[in-house]
Every structure is written in structure tokens, then in C-alpha cells.
Amino acid sequence: MSTASVRPRLVHAARWRPLELAVWLAAVAAYFLLPQHALILNEIAIFALFAVSLDLILGYGGILSLGHAAFFGAGAYAAALFAIHAMDDPLAGLAVGALVAGLLGLATSPLVLRGTDLTRLMVTLGVSLILLELANRFDGITGGADGLQGVVMGPLLGRFEFDLAGRVAYAYSLAVLFVLFLAARRLVHSPFGYGLKAIRDNRLRAQAIGIDPNRWLMAVYTLGGAYAGAAGALLAQTTGFASLDVLEFHRSADVLLVLVIGGTGYLYGGIVGAVVFKLIQDALATATPQYWQFWMGIVLIAIVLAGRERTFGLAREALARLAARLRGGRLSTKDVA
Amino acid sequence: MLTLLFDGVAYGMLLFVLAVGLAVTLGLMNFANLAHGSFAMAGGYLTAVLTNQAGVPFLLCLPLAFLVPALLGALLEPTLYRPLYQRSHLDQVLFSIGLVFVSIAAVDYFFGSQQQFVRLPQALQGRFEVAGVGIGRYRLFIIVLCAVLTAALQWAVVRTRFGSRLRAAVDDRATAAALGIDVNRIFLFTFAFGSGLAGLGGALGAELLGLDPTFPLKFMLYFLIVVAVGGTTGVTGPLAAALILGIADVAGKYYVPELGAFIIYSVMIAVLMLRPHGLFAEAAR
Amino acid sequence: MKPVLQTEGLCKRFGGITATNDVALALAPGARHALIGPNGAGKTTLVNLLTGVLAPSAGRILLNGEDITRLAPQARVRRGLVRTFQINQLFADLTPLETLALAIAQREGRGARWWRALGADSAIDDEAAELAARFHLADVMQRKAAVLAYGKRKLLEIAIALAMRPRVLLLDEPVAALDPLARRDFLATLTAAVAADDLTVLLSSHLLADLKRVSDHLVLLTAGELALCADIDDVVAAHKVLTGPASTVDVNGLHRHHHVVHVDRTPRQVSVIARIGTGPLDGAWHVEDAGLEEIVLAYLGSSETRELVVAS
């Protein structure tokens, strides 16, 4: 009976699963096959990035945030202002948006380290409301309630002009999503990523193996902020517009709902959830344009009451099995503890 | 200056009545009910409709503004809320946000999005002077009414048997149940009562705070601040927090109008940083 | 020989309760210490103070001469002070293999790496697997900790501690709640695992019987105070049982030169357990050697605490 040779190696968990490749291929295929839907595809890609950024904070960091829109909005405004006043190069603006939001994340991360879930809810909500107030007050800079119009972007990489149909926009957003997702994927499979899970599971134990929980949480909060800022920057750049809406509470609530639908803690939840959410939102908006918020509320209530695990019934179970394979092919079926 | 103080106290007392139900609910059921403001809104809109369209006198509306949301709370607690007590805070937050969305959209549909006004009786309008300090009649009314309510609440919690059962259930639900205390009934009653108080606060606050469909969202943070800063283990903590908040807000908006709401948010963040479990909480739970 | 871990005047007060009172602990390097005390004596509090989970109300803690009183728990771990928890503290969502690999990565200073996968370094992977095998976890090393059986969880708890290659290892009641057979097996595994010469061990328990098998030093804690902290042989040698007729012996006189621990009086006879000092001993006393149990029980004082320690 051999022993060591059949032992599964840890590194296998980080290998790409066929299903993952399928997701990305589908996203790329959509560019070619669904050119008429480029605008909504672009929205989905941006939303997915926003959701992934929250997954890092919530799913991996365990930080309950009700104000993630703060980073999204900070990135949007930073990129818009950069395009108007400095340079119209998209990638430079993207970097600026992510940087500004990341710094905001770093500055506010001490606030989410202490206290209970309730404290965190409030502090994060408070920060986003402060930002909203700031944007409202300094309407000379931010355009106030009217917003910043005319954010005209130069050609991407110096070559690709943004077209009205949104195809370049979608390609751009998808590419950014992919690159940032890759980085996040590496991170969650690394010792740092496992350490985050450890902190979330048992903070005392994490300390007992030498992890400094506060530092790590600050790092992931900053990173999540930067990613959200990048998503915001993409929105401002691809729609040519940035308004107070990017800092509104419903943005934070929407992205939470996305993660509820898609699931947290395996990164793809943001993508899956964003697709489903946008499709539902689109359907509802065409059916009841004025009161889709009502139906959104009903959907939220229904999902929670039915139980996030039972909501999509069989489909959900299949998704969970998918998620397990995406997360890392452990041979044991006793994944769901 | 004293007028400011007076106004601030009025504002604070109002916030207290609005938020105390949330404090007790959170302390008792450990449920983060962000939809608390919706019950307040219900009381406010009921009062507005009754005074404006049915000609019902304002003072008569107040008990109704308490009862109807209380009944609503009594209906929703066992059906919607109770199944969620054991769930994660994320689930609870999401649920209550959904409830907020539904309530906002429903109110917007039935009443439109404009601000609603309440017809105050003549006796409560205007101001009078006392030793050079301007006293608004309505604000005085609010202070007196809320003070009476507060005293009654404190007495009920500290002196009555229900109060001691309530405190026992807050302290340790399992042990209280083992002692034969009907925890479910306490939950139901407390939730209903808290929602009723919120409704009453909404009716009283329509004039002072402004009433429109976005009320629950606008004031969600204020309620949470009162609860987080004041703690959930009693009545006096939230009262003190609400008073501080009210005075700070009024003073801030007067002295530094450009910064307006910042003061409140910043004070909240500062307090939570220093005392994450609230200014008045005892040991960390 | 300088103590590897020592405390000076360590105190911990919770409101009106003094859980730890002026404790001056000194652990001899490379020795096996047994921290004995009845339930409620403050053993876990002491371990929490030493590891930084609790901040002391007063006093200092020194590790290899360095003052670590202000250091956070994770900083102490990095200096080689490692502990296990009485109630298993594991990562429910991680497998033993992942947990051990993470601990090893932390030890090697590679815990914060984010660009390479956890198992990419095959040396870490191999060491984690080998450690798991050594602790009988090979068959479950790919299962999430939340679904492991109780015995396996305890083994994992120890494995994690050893993965950190500690210099000082504090085991907080590792055999509590195990039946006698399981306890014996576990202690055997433990003894084998900590056989390294340069590892200092402190193992706490309220059961005296097992600890004689694994330790050579005794640290006795009662009601938050340190009654004894010495080599077991020295303790046994220093304490004697003195008996004599009630009418002739002078207990008060005994106090002058020796440390009287416990006095038992019947109308006819007086029996004393004392630590013999350098002064003279009244010839009226009949002197006998004292057993370790007798000595410990004498220090523990009241009859209830004795019951707790004897029951095994």
C-alpha cells in the first residue's frame, strides 16, 4: 500500500478548473456574439468588479460593510476629475481612481477593526454618508446634484476610441475585471488568503499562529477599496458621467444583494450574482419602471426568508457544487460543514 | 444660545422616542432592524392623512400613531422577524433593507414623493418668551410629552414585573426561558411597543424633521447612532446619547452650517473608535 | 541557570475579583512543568496572561530576559512562546493540512505572501503532511476541521502548536474531558512529541495523577497565588510529615524555623506537613517522608479542592 504518492497536494487547490475557463470564455464570446448588448455587458462587468471587491472585504475579511459605495464613488469622481482636469488617458484615470479609493480604504480601515458587526455597519454607513455630504457640499468641484458631465476619454492604449455602442467599453471593462480578478485569485489561494479565512474563522487561533489580525484586515480592506475604486472609475469613464448616485446608499445595498445571490467567499459569487442581478433588474425596470425598488425589496425579503442556501433550490445546490470545484478540488465530499 | 439648547433638547428627546424601540429590540433579540424608521414613517403618514384629510385633531392622532404601527409590529414580528433571530447579521440587515425598500416604494406609490405636513392645533403653534429665551410651543410640548414617556418607560423597566422579565430576557435568553419566562411573548410585546413608539415619534417629528418617503433612509443612521453610542442595556443610555446627538446637531447646524451633518457623523465615528461598545455599555459583550 | 520564562509580581484583577495575585513564576529551560490547581485557581488566566490574550493589572513577564509584557499575542508567538487551548480552537473551514501548512508558512515568515499559492512551496506541503501523519491525522488531513472527531481535534491542536517549533510550549488542560484510557494514549503521544531537549513545557491540569508521568517540575496554583514552583524531587525532599502526641508537641515552635503547610489535629495526635527549613527540629516529632500527593493536597487546603484534584 503506497502512502505518499497518492496524497493530493495543497497546490492543487489553486489550479484552474475547467468551469472557470468556461466562465471567462463565455464573457469573451459575449463580446463577439452579443454586440448589440455591449452597454449592458459593460454594466455587468463593472458591477461584477464592484461585487468582487466587496467579496474580498466581506467574504474573506468578514467585515460587514453597509457603505462600500464610498470607494466606488471615490474612484468614479477621482477618475472623472482626472479626465477633465489632467489627462484623458483611460488607464491613467483608472489607476488614479483605484489609488484614491485605496487610500480612502487605508485611512478608514482602523474604523472597522474594532467593535461589533453593528458598529461596523454604522461606521461604514457613516463614512459613505460623509462622502455623499462632501460631494454635495463641494458642488463646485463635483457638479453637485447635476453631476460631472462630459467626461470624455481619449483612446484606450492610444489606439481604441470609445464607440457609442459600447463595444470598446465592454472590452476595456472586461479586461480590467479579468486582470484584477486574476490578482485576487492568486491572493485568496496564497498564505495571505488562507490567513484571512483563519482570522475570520477563529481570531484567537490566528493570533496563536503568529498572525496579526488587524494588519491583515487593514490590508484586505484597502485592497477591496482600491478594487471598488477601479470599478467606479470604469463606470465614470465608460458612461462619460459621474453623479452623486455613485455614492448613494442603494449602491451599497445593491452590491450586497449581488453577493447574496451569488454567494460569498469563493470570488466567483460577484460575477454570478452581478449577471443574475442585472438581468433581474433589467426585467423589473422594463416591467415596472417606477417601482422596481419595491420589487427589489420583495426579492431581498424573499431570498432571506427562504434561506440564502435554499433560495434557488436545485439550481443553487448545483451552483454550490460548482463553487466547491472552483474553490479547490478536495476529494472529500464533506465540504459543506 | 439657550434657545439652541432648548431646541437641541427637543430634537434629542424626539430622537430618543424614535430610537428607543430599536435599542431594546437590538438588545433583546440581537436583531439589527434597519426598517425601524419605516414604522416611524407609518405613524407620520397616518397622522398627516388624518389631520389633513379627515380633519382629526392632532392630539387625537397621537394615540393612533402609536397603535397602528404597534399593531403592524405585532403582526410582523412573529411572522417575518422571528424566523430570522438566529440568522447572521448580514441576513438580518439584508432583510430589513428589503423591508425599507418596500415601505418606501409603497408610500411613494400611495402618497407621492412630496413632503407631507401635519396640521398642528393653534395652541401648539408659535413661541413665547421666558426670561429672554425663545420657547417654541411645539418643542415644549414635545419635551414634556417625551419626558413623561421616558419616565414611564424607565419606571416600567425598573419597577414592574414585566420590566424585570424583560431585563432578564435581555441578559440571558436561555436562562430566562428556563425560569419560565415566556420569551416569545416578551419579544412580541416589546417589538410592538417599540414600533408603536417609533410611530408616535414619526407623528411628532413630522413637523420638526420633515416627512417624505425617504424618511427611513434619511434617519436610519441617526437611530443607529443613538443605539450604538447609547448602548442597548437600558433606557438611560440611549436617552443620553439622543440628547447629545440632538444638541450637537442643532448647535452644529447653527454655528457651522457648511459642515452640517458632518458633525454628527464625525462625532459618531469618534465615539465608536474610542468606545466600540457604546458610551454607556458596561463590559464588552 | 536563567529561567526561560518568568514573571514578576504578576497580577490580574477583574473588577473586585483578583484572579492572579502577585505570581512570580520561573520556568527552567528544557524542563517539563506541571501547572496544578483546582478548577477556578486561575490556570487558564495565567496562561492567557503569559500569552498576551489578557493584559495584566500589574507585574512583568520576561521571555529569555526580554520584557514581553506589552507585546501582542502574535509577537510572542514569533518569539517562540506557543500555547494550546483547553477548548479546541481550530479553523472550522480549513483542513488539517491547510492549517498546518499555514502555521508553518507563518513560522517561516512567509505568511503574508500573496502571490504564490499556499502549497506552492513543496517543502511546507511535505512538512505539514509529515506532521499530520505523526499525530495520527493522515486519514483526515483533507477534511475540514469542523467535521473532525473530538480526539482528532485535540491532536490537531497539539500538532499546530508543534508546527510553530516553539521554544516554550504552554498546554492548557490538554487532557481535560478525556477518559482515562484516551488520556494515557494522548499523554504518551504528547511526551514523544515534546521530547526535544531545548523545548520547555508547561502543562496545566487539575489532575495530579497523570502529570507525574510527564513532568519533572511542579507549579502549584491555588486561588490565583503561586504556592510552589520547583523541581518535583526537590519538593519531595524538602517536605516532611511530622507527627506527635497532642500533649507534648509544640506546633507554634515549629513555625519559627520551618514553613508549616497544613496541620491536622485529633484529641490525641497532631500531624503536620511542613517544608523543613535550616533551623533545629524538636525531637518530639516523628519525621517521615511525604508523598507528592500529600504535599500538594496539604497546600490546597480546603477539603473541596482536594476532592477536585484527587478525582480522576
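Tyr85(B) is buried in this predicted model. Its relative accessible area is 8%. Buried means under 20%, so Tyr85(B) falls within that class. Phe187(B) is buried too, with a relative accessible area of 2%.

The rings of Tyr85(B) and Phe187(B) form a pair, with centres 5.5 Å apart. Their planes stand at 85 degrees, so the pair is edge-to-face. Where do the two residues sit? Tyr85(B) lies in the loop between helix H3 (58-81) and helix H4 (89-111) of chain B, while Phe187(B) lies in helix H8 (residues 183-209) of chain B. The pair therefore ties together parts that are 102 residues apart in sequence. Both residues also belong to a cluster linked by ring pairs.

Over all chains, the structure holds 27 aromatic pairs. One of them joins Phe294(A) and Trp295(A). This pair is edge-to-face, at 5.1 Å centre to centre and 85 degrees between the planes. Phe294(A) is partly exposed, at 22% relative accessibility. Trp295(A) is partly exposed as well, at 38%.

Now turn to the interface of chain A and chain C. These chains bury about 3,700 Å² between them, 61% of it on carbon and sulfur atoms. In chain A, Leu10(A), Arg205(A) and Ile209(A) lose the most area to chain C. Together they account for 20% of what that side buries. The contact takes 37 residues from chain A and 46 from chain C.

Three salt bridges are counted between these chains. In one salt bridge, the side chains of Arg9(A) and Asp126(C) meet at 3.1 Å, N to O. The interface also has 18 residue pairs in polar contact.

Technical notes:
Residues numbered from 1 in each chain as written. Chains lettered and ligands numbered in written order. Predicted model: local features only at pLDDT ≥ 70, side-chain atom pairs only at ≥ 80, totals over all residues. Heavy atoms only, no water. Contact = heavy atoms within 4.5 Å. Buried area = accessible area lost by both parts, 1.4 Å probe. Salt bridge = Lys/Arg side-chain N within 4 Å of Asp/Glu carboxyl O. Polar contact = N/O pair within 3.5 Å; in protein donor to acceptor, adjacent residues only side chain to side chain. Phe/Tyr/Trp six-rings, centres within 6.5 Å; stacked < 30°, edge-to-face > 60°. Buried < 20%, exposed > 50% of the residue type's maximum accessible area, 1.4 Å probe, protein only. Helix = DSSP H or I, 4+ residues; strand = E, 2+ residues; numbered from the N terminus.
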